Amino acid sequence: MKKISRFETKVIHDGYDSEQHYGSLSTPLYQSSTFTFPSAESGEKRFAGEEEGYVYSRLGNPTTSILQERIASLEGGEAGLAFSSGMAAVSAVLFSLVKSNDHILCSEGIYGCTFGLLQLIKERFNVDHDLISMETEEQLLQHIRPETKVIYVESPINPTMKLVNLEMVVHVAKKRNITVVVDNTFCSPYLQKPLEIGCDVVVHSATKYLSGHGDIIAGLVAGRKEYIQEVAMTTQKDIGGVLSPFDAWLLLRGMKTLAVRMDRHCENAMKVALQLKSHPKVKKVIYPGVEDFVQKEIAMKQMRMPGGMISFEIDGGKMAAQKIMNQLNMIKIAVSLGDAETLIQHPATMTHSVVPPEVRAKMGISDQLLRLSVGLEAWEDIWEDLEQALNNC
Ligand code: LCS
């Protein structure tokens, strides 16, 4: 097949050739835990890596392989790997890159469970970390130690929507042989491609925009072939957080509409953000698409569009935030994001409740911050629901 270069086409076709599967238009689902060998000798060779072929679905599965090839192609990586959750992906990547006494430099603001994982590996395995805002090269250099092995970045950061200048991070890391890992969950490869900027590894909670339908928990990783193979045969194989073939199949199905969904998420979010900004009860709207977004230049440089996530603050602390959530009708109160349904959550008591209050404050997560995952409904319906909730509080 002729090599395809446009994202909207790649997301539907890459990694799959129907002619090799009896012409099946839909990706076949190989719902099998194990694979038979034609002979004992063949089994021996497959275990020794001397013969191509599947062995056991924790080590590889044909449906999952299609998904892995697709995410690699979309992110501009050489290879991809699928996991049973975003956290399985994040932990497998970190465990593959650090050992005791190493150090991780991390963006100040990360998903609550990633924060929890960093605490765990510090306490149990003596891998230290620092959370820093990563605003300047000087600040990064001040915190890099001889034992720093990884710079771990979320951009946009969950839930504060702060950005990290990926080009700047790569510039600093490359000279020092430090691996740059980017959690690209909030953007998806349609909006941002960290590997093309020079970052080394991309991780995803594919539970979110990539799946898009709120029906699976999944993680994906993309990067260089040699590195991905090493993770596949070490921290994935031996810890075991692989994606089930059925969930790989659902994810492939969901991903086909990624580009059209992201266009609509972004369009809706822009309109809702502008309305929120003009409402007297809203103190602050944090959305990379609005004119007064402080890191507008970085957004324009590294993101195709501003995304579907908005954070906003109202007056009155936790009580006021909860009151607004309880007033909503169509918009659902739920964690997760990137689904067709608009979701609202309160980071201080939900996704980031495991982060100590003083660290939350430093990250910019106040008790009156609300996070909105703008869905695919008519934007007027999303806004009317928010407006009536704000007016009635
Ligand atoms: N990375 C980011 C940026 C996330 O937002 C999440 C989950 C993960 C990794 C972990 O992925 P999972 O294992 O859940 O697939 N974020 C969530 C959130 O903001 N609300 O609910 C889950």
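Asn177 sits out in the open, exposed at a relative accessible area of 72%; here exposed means over 50%, buried under 20% and partly exposed in between, with a 1.4 Å probe and protein chains only as cover. The place of Asn177 is the loop between α7 and β5 (179-183), helices (H or I, at least four residues) and strands (E, at least two) being DSSP runs numbered from the N terminus. Its phi is near 60 degrees, a positive value in a residue other than glycine. The model is a predicted one, in which local features need pLDDT of at least 70 and side-chain atom pairs count only at pLDDT 80 or more, while totals for chains, interfaces and linings use all residues. Residues are numbered from 1 along each chain as its sequence is written, and side-chain values use heavy atoms, with hydrogens and water left out.

Asn126 is another non-glycine residue with positive phi, in this case near 55 degrees. Asn126 lies in the loop between α5 (112-125) and β3 (128-132) and counts as partly exposed because its relative accessible area is 45%. The peptide bond from Ser155 to Pro156 is cis, with omega near -5 degrees. Pro159 lies in the loop between β4 and α7 as well, and a cis peptide bond joins Asn158 to Pro159, with omega about 5 degrees.

On to the strands. Strand β1 (residues 79-83) is mostly covered, with five of its five residues buried. In a regular strand, side chains alternate between the two faces of the sheet. In β1, Ala79, Leu81 and Phe83 point one way, Gly80 and Ala82 point the other way, and all are buried. The neighbour is strand β7 (residues 219-223), which runs antiparallel to β1 and is joined to it by five bridges; two strands pair if DSSP finds at least two bridges between them. Within that pairing, Ala82 has Leu220 of β7 as its bridge partner.

Elsewhere, five strands make up an open sheet of mixed pairing, in the order β8-β9-β12-β11-β10. Its edge strands are β8 (282-286) and β10 (332-333), each pairing on one side only. Strand β10 runs parallel to β11 (residues 343-345), and two bridges join them. Ile333 stands opposite Ile344 of β11.

As for charge pairs, the count comes to 18 salt bridges, a salt bridge being a side-chain nitrogen of Lys or Arg within 4 Å of a carboxyl oxygen of Asp or Glu. One of them pairs Arg46 with Glu51, with the closest N and O atoms 3.0 Å apart. Arg46 is buried because its relative accessibility is 17%, whereas Glu51, at 27%, is partly exposed. Another salt bridge runs between Lys99 and Asp102, where the closest N and O atoms are 3.6 Å apart. Here Lys99 is exposed at 53% relative accessibility, while Asp102 is buried at 5%.

Arg224 and Asp200 also form a salt bridge, their closest N and O atoms being 3.4 Å apart. This pair links distant parts of the chain, 24 residues apart: Arg224 is in the loop between β7 and α10 (225-236), and Asp200 is in the loop between α9 (194-197) and β6 (201-205). Arg224 counts as partly exposed at 47% relative accessibility, but Asp200 is buried at 8%. Salt bridges also link Lys122, Asp128, Asp130, Arg145 and Glu147 in a network.

The surface has patches too, made of residues with over 30% relative accessible area and no salt bridge, joining like charges within 9 Å and nonpolar side chains (Val, Leu, Ile, Met, Phe, Trp, Tyr) within 5 Å. Areas come from the Shrake-Rupley method with a 1.4 Å probe, and for residues only the protein chains shown count as cover. Glu380, Asp381, Glu384 and Glu387 gather in a surface patch of negative charge. Lys and Arg count as positive and Asp and Glu as negative, leaving out His and the chain ends; each charge is placed at NZ of Lys, CZ of Arg, CG of Asp or CD of Glu. Glu380 belongs to helix α16 (residues 379-391) and is partly exposed at 37% relative accessibility. Tyr56, Leu59 and Met233 make a nonpolar surface patch of about 260 Å². Met233 is placed in helix α10 and is partly exposed, with a relative accessible area of 42%.
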